[in-house]
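I opened my notebook to look up a few things in this structure, and you are welcome to read along. Here is what I wrote down.

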Amino acid sequence: MPMKMPIDVALSVLAAALMHAAWNAIVKSSASKFVDTMMVAIVPGLLALFTVPLLPPPAPASWPWLGASVAIHFFYYLSVAGALRHGDLSHVYPLMRGCAPMLVALSSFAAFVDPLSGNMWAGVVLICAGIIAPAFLRARRVAMPGRGTVIALANAVIIAAYTIVDGQGTRLSGNAISYGQWLFLINALPLGVFAFVWRRHELLMHARARWRMGLIGGALSMGSYAIVLWAMTRAPVASVAALRETSVIFAALIGSFVFREGHVALRVAGAVLVAGGIAALRL
């Protein structure tokens, strides 16, 4: 029988979606998308230094999945920086986040024997449509940088990959919080070394000026994904992935009203589809 999504899980994932959109907006507002992205990735690792000793280690069966997730996340953060550098937040963010849930849904049965009900399939489809359609309609009206679009679509595949990997790893870990904290800790190491070696001077100068925003963005990133990892132990991975990507609605509002990227009507239309998808997930 398909797992259902409890109301507390749904509300928690929506909160995680808002947190995720907020840290992406912080990166978009930066003069150096790369350095801010690295700060967002490194800060959770520093915070995890204080929490990991207080938690039991993840079960041994989950460690191969944890290692795979660290490798995938390395490329995720680099592609996020590239997409936000070359495209508007309200264009590339929906492409990155909107395509991934459908990829997860299509592969979830084979990966987890984690079936979705008819209502949940309808919810996933509506949410993906509400996320992606406005971005493509906008692209037809405004010439968008091709490089940003390509990077965003590639990142969607990366997001689907780490979602599938972490869904399995979290369930095998025996403790979603512990799995998440170890992921944050280990993930920060290769990214920190890479950023320090490649752009040492820029990293130090920019971090000195933007450390508060980096701390806020890192805390938001850490909290957002910790909630998602927990939710994937309580509901189907594909439905959690789809609901999490309602962050696009929040990002669209931020892009339209904060960064003046326009096209509010398209975002509202997309939000209506997403709202229908959320309702379907709960039926």
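**Entry: a covered helix**

I began with helix H9, residues 237–244, and found it mostly covered, with 8 of its 8 residues buried. The buried residues of H9 are Val237, Ala238, Ser239, Val240, Ala241, Ala242, Leu243 and Arg244. I use buried for under 20% relative accessible area, exposed for over 50%, and partly exposed for what lies in between, with a 1.4 Å probe and protein chains only. Helices are DSSP runs of H or I with at least four residues, strands are runs of E with at least two, and both are numbered from the N terminus.

**Entry: ground rules**

I am reading a predicted model, in which local features need pLDDT of at least 70 and side-chain atom pairs count only at pLDDT 80 or more, while totals for chains, interfaces and linings use all residues. Residues are numbered from 1 along each chain as its sequence is written, and side-chain values use heavy atoms, with hydrogens and water left out.

**Entry: the whole chain**

I looked up the elements and got 11 helices and 0 strands in the protein chain. Of its 283 residues, 53% count as buried.

**Entry: the salt bridge**

How many salt bridges does a search of the whole structure find? I noted 1 salt bridge, the term standing for a side-chain nitrogen of Lys or Arg within 4 Å of a carboxyl oxygen of Asp or Glu. The partners are aspartate 8 and arginine 234, with their closest N and O atoms 3.6 Å apart. Aspartate 8 sits in helix H1 (residues 7–28) and arginine 234 in the loop between H8 and H9, so the pair ties together parts that are 226 residues apart in sequence. I also checked cover: aspartate 8 counts as partly exposed because its relative accessibility is 35%, and arginine 234 counts as partly exposed at 32%.

**Entry: pockets**

Next I looked for open spaces. Rolling a probe the size of a water molecule over the atoms shows where empty space is left. The search runs on a 1 Å grid over the protein atoms alone: a cavity is a set of points where a 1.4 Å probe fits but cannot get out, a pocket is an open set with protein on both sides within 12 Å along at least five of seven lines, and lining residues have an atom within 4 Å of a point. Grid points are joined across faces, edges and corners, and a volume is the space filled by probe spheres set on the points.

The largest pocket holds about 220 Å³ of space. It is lined by 13 residues, and those closest to its centre are Phe34, Ala81, Gly82, Arg85 and Arg199. Helix H2 (33–51) and helix H3 (63–86) are the elements that give two or more residues to this lining, and H3 gives the most, with 5 residues. By class I wrote down 6 nonpolar, 3 polar and 4 charged for the largest pocket. Here Ala, Val, Leu, Ile, Met, Phe, Trp, Tyr, Cys and Pro count as nonpolar, Asp, Glu, Lys and Arg as charged, and the others, Gly among them, as polar.

The second largest pocket has a volume of about 170 Å³. Its lining includes Met39, Ile42, Leu203, Trp211 and Gly214. H2 and helix H8 (200–231) each supply at least two of the lining residues. The lining of the second largest pocket divides into 9 nonpolar, 1 polar and no charged.

**Entry: cavities**

I found 3 cavities of 30 Å³ or more. The largest cavity has a volume of about 140 Å³. Which residues lie nearest the centre of the largest cavity? They are His73, Tyr77, Phe184, Ser221 and Tyr225, out of 14 lining residues. H1, H2, H3, H7 and H8 are the elements that give two or more residues to the lining of the largest cavity.

**Entry: two long-range pairs**

Tryptophan 65 is in helix H3, and its C-alpha atom is 5.1 Å from that of glycine 169, 104 residues apart along the chain. Leucine 253 belongs to helix H10 (residues 247–257).
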